[in-house]
Amino acid sequence: MMPVKFFFSLLYLSFVRMDMLCPAYCKCEHRSATCDGSNKTVKLTYIPKFPSGITKVVFINNNISNLSRSTLKNLSQLTITNLDLKNNKITIIHKDTFADMKHLFKLDISGNYQVRIENVQNCLRSLPSTLHELLLNHMLWHPLNNMNTMFDGLKKGQIRKIELSHSYLKPFSGKWFAGLNSLTDIDISWNSIGDKDLNFKGLNNLKWLSLIGNYLNYVPDFCTGDLYKLETLLLSNTRLANLINLQNNTRCLRQLTTLHLNGIAVPIIPNNAFSELKSLKVLEMTKMSTQLKKILPLAFNSSSLSSLSYSKSDRFIFCKTGVQMGYFEPKTLFKFCPSLTMLDLSHNFIEFTNQEIRDMFSPLINLREIKLQYLDLVLMPRHFFHQFPRLQGIYLDHNMILPWTNGKEIFQGLTNLTELHISSNRIGHFSSTSFPENILKTLESIDLTGNQFSCTCKLTWFKHWMKNTKVKLLNETYYNCDDRTKLQDYNPTYIACSNIIFLITVSVGGGVCFLLAATILVYSCRWRIRFHIYKILSSSHYYQQIDGDDYRYSAYVIYCYEDFKWVKHELIPKLEEKHGLHLCIPHRDFELGKVFADNIVEHMNLSKTVITVLSNNFAKNEWCLFQLAVARSKLSKDGTFSIFPVMLEEIDFKNMNSSLYSLIKLSSYAAWNFDERGVELFWEQVINHVQ
């Protein structure tokens with residue numbers, strides 16, 4: 001054991017010694033030294049001496065106007081492999097500057113935009129043959145002089161990657177890199193390159209190409225440039241107006257495995273857009289603009305595709321409504337990409353309650369990772385994940401998921417699940433039935449950060465499981481109770497909680513028989529009781545009718561919870577944000593802590609009219625029907641009051657009652673329509689009534 005202890009002692013002493021020898025205004029850690037002047041009043045004008053073990057120097061945001069061999073003399077005795085000189089206000093670079101950097105692997109002189117192209121060209125000749133990466137970003141070379149001989153000084157070496165982003169490059173030519181036979185990666189992102197400014201001739205060995213942020217309206221013809229070895233292509237944030245020519249202009253890229261099309265503004269993803277890319281594995285189409293309206297049935301036709309990211313696309317509507325409007329075809333959407341192992345549909349809208357939408361996922365039997373974040377999910381999808389028997393990772397972060405006890409229905413058939421991410425939801429507690437035994441056996445990590453736990457006896461099982469499980473609880477120290485205390489500090493015992501449960505059981509059990517009879521009576525007369533309470537309240541001085549000019553709300557909106565999304569995304573923006581009307585929305589405007597019936601009566605008396613959002617869900621909701629009864633009573637007493645029905649969908653006969661029937665039969669109503677002219681007429685009717 002002595003040699004091992006001696007070794008670690010020497011290692012510790014070397015780190016301490018390195019820290020002690022580190023220059024002022026710099027930080028030394030392991031084999032890296034950093035001198036960053038961005039947040040300091042003192043900006044170094046020279047490169048200091050560093051400890052002997054340093055191999056990487058990051059000397060950025062300082063002030064070296066003249067970069068020469070002498071400037072780097074303090075590095076000449078070190079084995080420097082990585083040198084970062086970004087943003088140092090360099091204006092002159094001498095041709096022999098890097099003559100002593102014999103081991104240099106990576107050089108970054110980005111952001112020194114005052115230096116001339118000729119200076120950079122000449123200094124490259126002094127670089128060693130060991131150099132593999134050269135970064136010349138943010139150089140702002142404009143106007144661009146002749147670059148045909150720019151990189152001649154690198155021909156003797158084995159340069160593999162060159163970055164030239166944010167430098168006003170226009171045009172771009174592969175001839176600049178003639179003779180660099182080892183060059184495989186080029187980054188020319190965020191320049192001014194247009195459709196007619198690209199010439200890839202001479203880049204036959206290129207494997208990685210970034211054209212992000214350039215002025216490309218069409219997919220370039222990569223086949224005329226002989227880019228047959230290209231493996232990764234980044235076309236994100238360009239001005240692509242369509243993907244019609246993507247298939248023809250990339251059919252030669254037989255080795256392309258990764259394609260990024262993030263942030264583009266295309267209206268349609270066409271059929272077979274990626275079918276000619278026989279080696280395509282990774283496709284990213286995130287942050288698509290609001291112009292994207294349709295995914296054609298064979299859009300994702302790719303037998304080789306293994307990873308698809310289609311997230312943050314203006315909340316694309318994967319629901320029955322989207323199908324009816326022709327936005328996508330659920331039967332074929334994933335039918336022709338059966339090799340998918342990773343699917344990201346976060347930041348969209350998915351109707352998991354619709355069987356047709358659920359069946360859309362059935363071809364993905366090889367799926368190993370699914371990301372469903374930011375979908376506003378309230379309940380864990382039941383009988384859904386069993387479609388993916390090989391699933392290893394589930395990401396459901398940042399939803400509104402509530403606690404569940406039907407773990408077998410949720411995780412049925414999953415025998416390989418190792419990761420579960422459900423952070424930032426509304427999961428207050430877990431029970432022994434939340435996770436079936438097969439999940440607890442395979443699970444390796446779980447993330448529950450951001451859930452406010454209800455630290456009561458309900459959490460006894462979970463706390464016991466936390467102490468004894470081998471599952472890694474990610475960020476466990478950040479788990480909090482709903483009273484802002486740390487979950488780690490709450491330690492309920494079975495004995496204490498059992499006593500509490502026994503007392504509660506005895507107390508409750510004594511009144512069960514009495515309450516059962518009373519409950520049956522109250523339930524059978526519930527509407528009569530509620531309505532009589534309302535009539536008593538409305539006759540009191542507290543609920544007297546207010547003057548017409550003193551109405552707080554233009555309209556009181558009656559809706560069921562299932563239709564709240566329509567109210568939030570359609571009704572509120574149209575009436576409040578566009579026309580300046582003030583609606584009473586119970587979810588938003590009701591006073592917390594007050595009896596719900598009191599809130600209804602009080603706020604309806606403060607409203608000029610009532611809008612009822614009718615649907616099958618409305619017809620089955622007791623509180624909706626109660627609010628309608630209150631409104632009808634108010635209508636019978638107040639001649640200036642009115643009720644305006646909005647019909648979201650046709651109500652089935654089995655859900656129709658006499659109250660709804662008479663309202664629809666005797667009133668004019670506005671019917672929601674997906675036809676453009678129909679929508680215009682709908683809003684015209686609603687606005688005219690409310691105003």
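C455 is buried, at a relative accessible area of 17%, where buried means under 20% relative accessible area, exposed over 50%, and partly exposed in between, using a 1.4 Å probe and protein chains only.

A word on the ground rules comes next. Residues are numbered from 1 along each chain as its sequence is written, and side-chain values use heavy atoms, with hydrogens and water left out. Because the model is predicted, local features need pLDDT of at least 70 and side-chain atom pairs count only at pLDDT 80 or more, while totals for chains, interfaces and linings use all residues.

**The disulfides**

A disulfide is a covalent bond between the sulfur atoms of two cysteines; here the criterion is a pair of cysteine sulfur atoms within 2.5 Å. The structure holds four disulfides, and three of them are set out below, among them the one that includes C455.

| Pair | S to S distance | S-S torsion |
|---|---|---|
| C26 and C35 | 2.0 Å | about 105° |
| C223 and C252 | 2.3 Å | -105° |
| C455 and C481 | 1.8 Å | about -75° |

**C455 and C481**

With its torsion of about -75°, the link between C455 and C481 is left-handed. The pair connects distant parts of the chain, 26 residues apart: C455 sits in the loop between β27 (452–453) and α8 (460–468), and C481 belongs to strand β29 (residues 480–481). Helices (H or I, at least four residues) and strands (E, at least two) are DSSP runs here, numbered from the N terminus. C481 is buried as well, at 0% relative accessibility.

**C223 and C252**

This link is also left-handed, with -105° about the S-S bond of C223 and C252.

**C26 and C35**

Here the torsion is about 105°, so the disulfide of C26 and C35 is right-handed. C26 is buried with a relative accessible area of 13%, and C35 counts as buried at 1%.

**Two further cysteines**

C123 and C319 deserve a brief mention too. C123 is buried, with a relative accessible area of 0%, and C319 is buried at 5%.
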